[in-house]
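Hi everyone, thanks for coming.

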Amino acid sequence: MSPDRLQLLVRDMPKAELHIHIEGSLEPELIFALAQRNGVALAYSDVEALRAAYAFTNLQSFLDIYYAGASVLLKEQDFFDMAWAYFMRAKADNVTRAELFFDPQTHTERGVAFATVIDGLHRACIAAQSELGIEAELILCFLRHLDEASAFATLEEARPHLGKFIGIGLDSSEVGHPPEKFAKVFADARKLGLRAVAHAGEEGPPAYIWSALDVLKVERIDHGVQSLKDPKLVARLVAERVPLTVCPLSNVKLCVFDKLGAHNLKTMLDRGIVATINSDDPAYFGGYINQNFAETFAALPLDANDAVALARNSFEASFATPAQKHAHRLALDAFFEARG
Ligand code: ADE
Ligand code: ZN
């Protein structure tokens, strides 16, 4: 298939997005609009000055700006508006299912009520389904730079809202905050019937991926790009079909790989890992999911078989119900059939 046709294929195919921090979809324009609406002072004079600060050297250099950006979110409507803006972009990229991470502690630590956060996001998820035909679910992430007690307090605050989110995750500063720190809170959350994922092996070592699997008992690994350093771990990921939610543009922006052409996504697929492509924090890293597909397919020797595998992997790796997965499989079959 020609490179041009391959680009159209990855653009148009239905896909699930499984690794998107909704606070990372806050575009500078919306940050400034919300700052004005809420009377919040920002350290940057305008949109251009803020964008100019998006030159990151590692994960922490990004997180410092990302948490500052989230400070403009105060009201339920702010959370709705942020998620709705994301869903409009997702629709344009042919996303038919999205599982959104949100970081409640980023907001509750500033005095915003947990209910304010989740009610705005949940209302947007309902509207995404009814108005855009996108299945949307929420995954509550604990911030790993905070302590276990804070994670437990967050799980308590979340209890009255159990019907509004499907799982828990673990994000923020990875190195120095191994998964073991959150063993008990993950165990309690799983007892509540919540699904579990965790960021591991973004900057941290393969050992963090092992403990995310064995201690936290997660069903997917977010990033996991360091896994290829450990052949035994790769064998396990392949044998158990543990999905990795890979975010290529993020990895380059945060200097995990020095260029997209050096990314290990193609190697992962060739080894049989259930890898997917996602945007992570699209407002900060240079693009939404289709931009990730377009640039990654331009930079690596990925072919039409890889495109089909990535689309299928995205739904297989999702937390959709069996009936929903069946419907997504039929939609993919029909799409690829029509494209020949
Ligand atoms: N929070 C938002 N984006 C993140 C990332 N790429 N890694 C860890 N925590 C995050
Ligand atoms: Zn992430």
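The side chain of His223 has an N or O atom 3.5 Å from a nitrogen atom of ligand 1, and a polar contact here is a pair of N or O atoms within 3.5 Å. Glu202 also reaches ligand 1 with a side-chain N or O atom, 2.7 Å from a ligand nitrogen. Ser172 uses its backbone instead, with an N or O atom 2.8 Å from a nitrogen of ligand 1. On its own, ligand 1 exposes 260 Å², and the protein buries 100% of that (Shrake-Rupley areas, 1.4 Å probe).

A word on the ground rules: this is a predicted model, where local features need pLDDT of at least 70, side-chain atom pairs count only at pLDDT 80 or more, and totals for chains, interfaces and linings use all residues. Side-chain values use heavy atoms, without hydrogens and water, residues are numbered from 1 along each chain as its sequence is written, and chains are lettered from A and ligands numbered from 1 in the order written.

Now, which residues are around ligand 1? Taking those with a heavy atom within 4 Å, we find His21, Leu59, Phe62, Leu63, Tyr66, Asp171, Ser172, His199, Glu202, His223, Asp280 and Asp281. Helix H4 (residues 59-69) gives the largest share of that shell, four residues; helices are DSSP runs of H or I, at least four residues.

Finally, please look at Arg37 and Asp81, whose side chains form a salt bridge at 2.8 Å, N to O (Lys or Arg side-chain nitrogen within 4 Å of an Asp or Glu carboxyl oxygen).

Conventions:
Polar contact = N/O pair within 3.5 Å; in protein donor to acceptor, adjacent residues only side chain to side chain. Helix = DSSP H or I, 4+ residues; strand = E, 2+ residues; numbered from the N terminus.
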